[in-house]
Amino acid sequence: MPFYTNVNAVKSSFEISRFVQSVERGDVDAFLERLQSFFADTPYELARDLELHYQNVLFIVFRLVGLYTQVEYHTNRGRIDLVLKTDRYIYIMEFKLDGTADEALRQIEENGYAEPFAHDGRQVIKVGVNFSSSVRNIERWVVAG
């Protein structure tokens, strides 16, 4: 029996297909809860006390599951940490390490990060996420439509 068949038979707590379905249906809470579980299962030696570490991990996860993802998306007023696009949604995500999710969302609003996507036709979802260096995980997030 090929190795990959055995791998498919093992149920992962992350459950990639459910993660992707959550992203595709606009269920931010569901996919961020799965990401919390993913980070909780990451050995602490691998986590770094840098916002860039978490940004890179999310970029890799989103790209590996086949989602269109851009990091450090440049606008006329700054850089968006992560832009994630599906056929129905554009997620604008701003991250803070040991800050607050509200600060991250406020940065999206104050810098007009949604403006480049105003006439795209897809629903824009703004997500502010705070990572905690003490627990090495997503601490809190806030969402605005």
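1. Start with a pair of facing residues. In β3, Val83 has Ile92 as its bridge partner. 4 bridges join β2 to β3, and the two strands run antiparallel. They form a hairpin with 3 residues between them. Two strands count as paired if DSSP finds at least two bridges between them. Strands of a sheet pair through backbone hydrogen bonds, either parallel or antiparallel.

2. Know what you are looking at. This is a predicted model, where local features need pLDDT of at least 70, side-chain atom pairs count only at pLDDT 80 or more, and totals for chains, interfaces and linings use all residues. Residues are numbered from 1 along each chain as its sequence is written, and side-chain values use heavy atoms, with hydrogens and water left out.

3. Next, the overall layout. The chain has 5 helices and 5 strands. Along the sequence they follow the pattern α-α-α-α-β-β-β-α-β-β. Both kinds of element are DSSP runs, numbered from the N terminus: helices are H or I with at least four residues, strands are E with at least two.

4. Now the sheet. The 5 strands form an open sheet in the order β1-β2-β3-β4-β5, with mixed pairing. The edge strands are β1 (68–75) and β5 (137–144), and each pairs on one side only. From one strand to the next, the twist averages 30°. For such angles, axes are lines fitted to C-alpha atoms (for helices, over the stretch in contact), and the angles run from 0 to 180 degrees between N-to-C directions.

5. Look at β3 from its other side. 9 bridges join β3 (residues 89–97) to β4 (residues 123–132), and these two strands run parallel. Tyr89 stands opposite Gln123 in β4. Glu94 stands opposite Gly128 in β4. β3 is mostly covered, with 8 of its 9 residues buried. Buried means under 20% relative accessible area, exposed means over 50%, and partly exposed is in between (1.4 Å probe, protein chains only).

6. Which strands does α3 lie across? They are β3, β4 and β5, and α3 runs at about 170° to β5. Helix α3 (residues 28–40) has 13 residues. From first C-alpha to last, α3 reaches 18 Å, close to the 18 Å expected at 1.5 Å a residue. The expected span is 1.5 Å times one less than the number of residues. The buried residues of α3 are Val28, Ala30, Phe31, Leu32, Arg34, Leu35 and Phe39. An α-helix has 3.6 residues a turn, so residues three or four places apart point the same way.

7. Is Ala104 buried or exposed? Ala104 is buried, with a relative accessible area of 0%. Leaving aside neighbours within four places in sequence, Ala104 is in contact with Glu94, Phe95, Lys96, Gly128 and Val129. Contact means heavy atoms within 4.5 Å. Ala104 and Asn130 are 26 residues apart in sequence, but 7.4 Å apart in space, C-alpha to C-alpha.

8. On to the charged pairs. Side chains of opposite charge can pair when their charged atoms come close. A salt bridge here is a side-chain nitrogen of Lys or Arg within 4 Å of a carboxyl oxygen of Asp or Glu. By this rule the count comes to 6 salt bridges.

9. One of them joins Lys126 and Glu109, at 3.0 Å from N to O. Lys126 lies in strand β4 and Glu109 in helix α5, so the pair ties together parts 17 residues apart in sequence. Lys126 is buried, at 12% relative accessible area. Glu109 is partly exposed, at 42% relative accessibility.

10. Two others involve arginines. Glu72 forms a salt bridge with Arg79, with the closest N and O atoms 2.9 Å apart. Glu72 is partly exposed at 28%, and Arg79 is partly exposed at 47%. Arg77 forms a salt bridge with Glu115, with the closest N and O atoms 3.7 Å apart. That pair links distant parts of the chain, 38 residues apart. Arg77 is partly exposed, at 40% relative accessible area.

11. Finish with the whole chain. Buried residues make up 43% of its 145 residues. Among contacts with a separation of 6 or more, 56% come from residues 24 or more positions apart. The chain exposes about 8,200 Å², and carbon and sulfur atoms supply 49% of it. Accessible areas come from the Shrake-Rupley method with a 1.4 Å probe; for residues, only the protein chains shown count as cover.
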